[in-house]
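Here is a short report for a reader who is new to this structure. Look at the sequence and the model, then read on.

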Amino acid sequence: MNGAANLVALNTIVRREISRIMRIWTQTLIPPAITMTLYFVIFGKLIGSRIGQMHGFTYMQYIVPGLVMMSIITNSYGNISSSFFGAKFSRAVEEMLVSPMPNWVILLGYVTGAVARGLVVGALVLLIALFFTDLHVAHPIITFLSVLLGATVFSLAGFVNAVFAKKFDDIALVPTFVLTPLTYLGGVFYSVDLLGEPWRSISMVNPILYMVNAFRFGVLGVSDVQIGVAFAVMLVFVIGLSAVALHLLKRGVGLRS
């Protein structure tokens with residue numbers, strides 16, 4: 001396929017994914033908004049009033065970047081894992097694999113759709129947060145890049161999960177037993193400096209910690225890790241997971257009967 005044909009194919013996949021998100025918006029957009037509102041009320045208002053300040057900010061202000069990033073990565077991951085597995089279940093993926101469409105177009109199309117959902121949910125959660133506290137973005141470019149890379153990392157991870165999944169129950173295993181623990185050990189609700197060993201060392205090998213702190217630095221200007229290191233970690237995961245995903249598509253692992 002030439003460049004124009006690839007662009008048409010990519011546009012088709014992205015439009016289909018975005019159409020799917022908007023068609024079932026009561027499932028894709030409303031639940032995370034309600035969940036995050038409860039987090040803001042319970043952790044930000046009720047518990048936060050007893051905790052006081054953290055790194056010079058109110059507890060509500062401190063946890064907002066973490067909660068926004070948490071909603072972005074979970075929704076990016078959930079969107080692509082369910083969407084691609086559904087296409088695999090209906091054998092639509094096999095049709096794409098035997099078409100002249102390059103594998104990178106298939107991957108980019110699904111990842112773009114998942115990132116779009118993550119960004120929309122993140123913007124919605126951030127808008128809700130403004131009803132509870134004041135925020136002033138310290139570094140807009142870092143804020144946007146950290147959101148984009150974080151959403152991309154977990155979109156790619158969700159894609160890999162969908163490739164290996166054999167039934168719909170397999171889609172829920174990783175979010176339940178891997179993603180949730182990593183999120184709570186990722187500095188969403190606290191500064192990692194408050195942790196004792198071995199939990200601090202465990203947290204330092206958690207990729208979500210770097211994503212949350214990169215976004216927190218972009219919004220508030222404070223971070224528990226070096227920003228250069230945080231972006232390096234995210235880029236390594238993007239490159240590594242992209243290579244794995246493309247290899248799986250090329251080999252047809254779990255995709256061809």
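## Salt bridges

A salt bridge is a side-chain nitrogen of Lys or Arg within 4 Å of a carboxyl oxygen of Asp or Glu. Side chains of opposite charge can pair when their charged atoms come close. A search of the whole structure finds 2 salt bridges. One joins Glu94 to Arg91, with the closest N and O atoms 2.7 Å apart. Asp193 and Arg200 also meet in a salt bridge, at 3.3 Å from N to O.

How exposed are the partners? Glu94 has 23% relative accessibility, so Glu94 counts as partly exposed. Arg91 is partly exposed too, at 46%. Asp193 is partly exposed at 44%. Arg200 is partly exposed at 26%.

## Basis of the model

This is a predicted model: local features need pLDDT of at least 70, side-chain atom pairs count only at pLDDT 80 or more, and totals for chains, interfaces and linings use all residues. Residues are numbered from 1 along each chain as its sequence is written, and side-chain values use heavy atoms, with hydrogens and water left out.

## Overall build

The chain has 11 helices and 2 strands. Helices (H or I, at least four residues) and strands (E, at least two) are DSSP runs, numbered from the N terminus. Along the sequence the pattern is α-α-α-β-β-α-α-α-α-α-α-α-α.

The C-alpha atoms fill a box of roughly 60 × 35 × 35 Å, taken along the principal axes. The radius of gyration, taken over C-alpha atoms, is judged against a globule rule of 2.2 Å times the number of residues to the power 0.38. For 257 residues, a compact globule would have a value near 18 Å; the chain has 19 Å, which agrees. Buried residues make up 49% of the 257 residues. Contact means heavy atoms within 4.5 Å. Of the contacts with a separation of 6 or more, 79% are between residues 24 or more positions apart.

## Annotated regions

UniProt positions are given in the numbering used here, feature names are shortened, and annotations may be inferred rather than shown by experiment. An unreviewed UniProt entry places "domain: ABC transmembrane type-2" at residues 23–252. In the model, residues 23–252 are 78% helix and 2% strand, with end C-alpha atoms 30 Å apart.

The UniProt annotation "transmembrane region", also from an unreviewed entry, covers residues 29–47, 59–78, 104–132, 144–165, 171–192 and 229–249. Residues 59–78 are 100% helix and 0% strand, and their end C-alpha atoms are 28 Å apart. Residues 104–132 are 90% helix and 0% strand, and their end C-alpha atoms lie 42 Å apart.

Ile73 sits in helix α4 (residues 59–89). Ile73 has 0% relative accessibility, so Ile73 counts as buried. Which residues does Ile73 contact, leaving aside neighbours within four places in sequence? They are Gly150, Phe154, Ile208 and Met211. Ala165 is 92 residues from Ile73 in sequence and 19 Å away in space, C-alpha to C-alpha.

Asn79 is in helix α4 as well. Asn79 is buried, with a relative accessible area of 0%. Beyond neighbours within four places in sequence, Asn79 is in contact with Glu17, Arg20, Ile21, Gly113, Ala114 and Arg117. Thr28 and Asn79 are 51 residues apart in sequence, yet their C-alpha atoms are 8.1 Å apart.

## The surface

Accessible areas come from the Shrake-Rupley method with a 1.4 Å probe; for residues, only the protein chains shown count as cover. The accessible surface of the chain comes to about 12200 Å². Carbon and sulfur atoms hold 70% of that surface.

Patches are made of residues with over 30% relative accessible area and no salt bridge; like charges are joined within 9 Å, and nonpolar side chains (Val, Leu, Ile, Met, Phe, Trp, Tyr) within 5 Å. A nonpolar patch of about 960 Å² is made by Ile18, Met22, Trp25, Ile30, Ile34, Leu38, Val41, Ile42, Leu46, Ile47 and Ile51. The elements that give two or more residues to this patch are α1 (3–23) and α3 (30–51). Helix α3 gives the most, with 8 residues. Leu46 lies in α3. Leu46 is exposed, with a relative accessible area of 54%.

Technical notes: Buried means under 20% relative accessible area, exposed over 50%, partly exposed in between (1.4 Å probe, protein chains only).
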